[in-house]
Amino acid sequence: MQQINDFFSNISAIKFADVVFAICIIVLFKLLSGSISYGIIKLLKMKVKKGREIKESAFYYPLKVFISVLGFYIAIYFLKTPLNLSAKIMGIVNKAFSIISIIIFARGLAKSFVPGSALVYKMIKATEKEEVDTSFNFLLKIIRFVIYVIAVFLIITELGINLNGLIAGFGITGLIVTLAAQDTAKNLFGGVVIFLDKPFVVGDWIQFDKYEGTVEDITFRSTRIRTFENSVVNVPNSVLSNTSINNWSRIPST
């Protein structure tokens, strides 16, 4: 409470020019965020000449957001002396900036591994594939999942939380969560089996048990099937990996 009172008491002592300059920094970074992002991406991608391709890049929007946030960060540092901000407050500002930066760049990196992105297009060409098939799409999902997991761990570390103590502190609660997540683990393993064995891919006409239809999507947890009655069935991957499947799309053409 005392820090808040000190903060407001110091506002009256701030020179008007300092406040105006700090606001100008924020506005300037906001206005130039698009141009700076455009220039950075164009510099890194020397062969890209079309402006549309640059703006559709996975990192264009995250860079814009980061540059705008950077403007706020610099403005706060500029006002550090006039506001007489304590080391504790500046520590919070530094951590907030680091966490926001991690989130922004994790989002941009994950967006690079989606079907249709420039990076995925290069990966397809390098592997001599014609398009993103089911196995490749599943691999992209795993990569995005790993990126977000790493980002979460980086944020936890930035917050100063001891991971060893956190894991040890779960105790019985962690055991309960583990037991409750067994089905999720089974479905994930089933998805990996489908990914490796490829009994079917998206677009295949399959039949199993009492269901028959076209595979629309394969995720970590389940597979979505469009039946011939035009209804959608979400089947857990653990079920499909342990069921005999009749793939009508694999019938050799005569």
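The largest nonpolar core here brings together eleven residues: Ile99, Ile102, Ala106, Ala110, Phe113, Val120, Phe136, Leu140, Ile147, Ala151 and Ile155. Keep in mind that this is a predicted model. From that core, we can move on to a pair of helices and then to a sheet.

**Nonpolar cores**
- Another core, of ten residues, lies apart from it, and Phe200, Val215, Val235 and Leu240 are among its members.

**Helices H4 and H6**
- Helix H4 (residues 60-78) packs with helix H6 (residues 87-111) at an angle of about 170°, and their axes are 10 Å apart.
- Angles over 145 degrees count as roughly antiparallel, so H4 is roughly antiparallel to H6.
- On the H4 side, the residues that meet H6 include Leu63, Phe66, Leu70 and Tyr77.
- On the H6 side, the residues that meet H4 include Met90, Phe97, Ile104 and Gly108.
- Sorted by class, the contact of H4 with H6 has 15 nonpolar residues, three polar ones and no charged ones.

**The sheet**
- Five strands form an open sheet in the order S4-S3-S2-S1-S5, with antiparallel pairing.
- Strand S4 (232-236) and strand S5 (246-247) are at the edges; each has a single partner strand, so one side of each has no neighbour in the sheet.
- Strand S1 (residues 205-208) and strand S2 (residues 211-218) run antiparallel and are joined by four bridges.

Terms used: Residues numbered from 1 in each chain as written. Predicted model: local features only at pLDDT ≥ 70, side-chain atom pairs only at ≥ 80, totals over all residues. Heavy atoms only, no water. Axes fitted to C-alpha atoms, helices over the stretch in contact; angles between N-to-C directions. Helix = DSSP H or I, 4+ residues; strand = E, 2+ residues; numbered from the N terminus. Parallel < 35°, antiparallel > 145°, perpendicular 65-115°, else oblique. Contact = heavy atoms within 4.5 Å. Nonpolar A, V, L, I, M, F, W, Y, C, P; charged D, E, K, R; others polar. Pairing = 2+ DSSP bridges. Core = buried A, V, L, I, M, F, W, Y, C linked by side-chain atoms within 4.5 Å. Buried < 20%, exposed > 50% of the residue type's maximum accessible area, 1.4 Å probe, protein only.
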